[in-house]
Amino acid sequence: MNMYTTTFISLVVVPFIVLAEFSTEDCWSLGFHKPNLLCSSCDQLEKFQLTELLSHCKECCHPDESNSTEKIFHKAVLEVCTCKFGAYPQIQAFIKSERPDKFPNLQIKYVRGLDPIIKLFDKDGHLQETVAIEKWNTDSVEEFLSTHLINSSDDDYLRTNMI
């Protein structure tokens, strides 16, 4: 390897590796549940001499919410398997009620075998966050969506522009 090849690898390839983030499936295959994994949990690995897992854990974790500003998203998709409604009666109650009608930018999607999650998207339709909701009740789901999902009527100036 000559000097130019080494420089190319260190300037182009290494930053790409550092900026890559593992997908939910990648994290699952490594033993991490990405929707529930907080970065503060990764810091605990050193206490148990598991430092070799630290870098993978950091690629799969979500930063702990320490600031008071709430993120707002343009679209949400609640994904769940109907076969799991028995295990998650509160999620079933939310879906079967009129509560989802309050959120026109919420989509309910049935995915075989999936525990309930909410996927949150930006205005361009890119996935921003995935949140596991298996332990939530109907009020928690509604409050979360009210807090984090943009009110679609606020987004459309034609509806709010009175003539």
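The following questions and answers concern how features of this predicted model get their labels.

Reader: What makes up the secondary structure of the protein, and in which order do the elements run?
Author: The protein has eight helices and four strands. From the N terminus the order is α-α-α-α-β-α-β-β-β-α-α-α.

Reader: What makes β1 and β2 a pair of strands?
Author: A pair needs at least two bridges. Strand β1 (residues 75-80) and strand β2 (residues 106-110) are joined by five bridges, so they count as paired. The two strands run parallel, and A76 stands opposite L106 in β2.

Reader: How do you know that β1 also pairs with β3?
Author: The cut-off is again at least two bridges. Five bridges join β1 to strand β3 (residues 117-121), so this is a pair too. Here the strands run antiparallel. A76 stands opposite L120 in β3.

Reader: Why are β2 and β4 called edge strands?
Author: The sheet is open, with four strands in the order β2-β1-β3-β4 and mixed pairing. β2 and β4 (127-132) each pair on one side only, and they are the edge strands. Neighbouring strands of this sheet are turned by 20 degrees against each other on average, direction ignored.

Reader: Which elements make the β-α-β unit, and what is its hand?
Author: The unit consists of β1, helix α5 (residues 89-96) and β2, and it is right-handed. α5 lies across β1 and β2, at about 130 degrees to β1. Another helix, α6 (residues 138-148), lies across β1, β2, β3 and β4 and runs at about 5 degrees to β3.

Reader: How do you know that C39 and C61 form a disulfide?
Author: Two cysteine sulfur atoms must lie within 2.5 Å. Those of C39 and C61 are 1.9 Å apart, so the pair is a disulfide. C39 is in helix α3 (residues 39-43) and C61 in the loop between α4 (54-60) and β1, 22 residues apart. The torsion about their S-S bond is about 80 degrees, which makes the disulfide right-handed.

Reader: What makes the disulfide of C42 and C57 left-handed?
Author: The torsion about the S-S bond is about -80 degrees, so the disulfide is left-handed. The S to S distance is 1.9 Å.

Reader: Why are C42 and C57 called buried?
Author: Buried means under 20% relative accessible area. C42 has 0%, so it is buried. C57 has 2%, so it is buried as well. In the protein, buried residues make up 29% of the 163 residues.

Reader: Why do C81 and C83 count as a disulfide?
Author: Their sulfur atoms are 2.5 Å apart, and the rule asks for a pair within 2.5 Å. The value stands at the limit, and therefore the pair is counted. With a torsion of about 120 degrees about the S-S bond, the disulfide is right-handed.

Reader: Are C81 and C83 buried or exposed, and why?
Author: The cut-offs are under 20% for buried and over 50% for exposed. C81 has a relative accessibility of 6%, so it counts as buried. C83 has 59%, so it counts as exposed.

Reader: How many disulfides does the rule give, and what is the pairing?
Author: The count is four disulfides. With the bonded cysteines numbered in sequence order, the pairing is 1-5, 2-6, 3-4, 7-8.

Key
Residues are numbered from 1 along each chain as its sequence is written. This is a predicted model: local features need pLDDT of at least 70, side-chain atom pairs count only at pLDDT 80 or more; totals for chains, interfaces and linings use all residues. Side-chain values use heavy atoms; hydrogens and water are left out. Buried means under 20% relative accessible area, exposed over 50%, partly exposed in between (1.4 Å probe, protein chains only). A crossover is right-handed if, with the strands pointing away from the viewer, the path from the first strand over the helix to the second runs clockwise. Axes are lines fitted to C-alpha atoms, for helices over the stretch in contact, and angles run from 0 to 180 degrees between N-to-C directions. Contact means heavy atoms within 4.5 Å.
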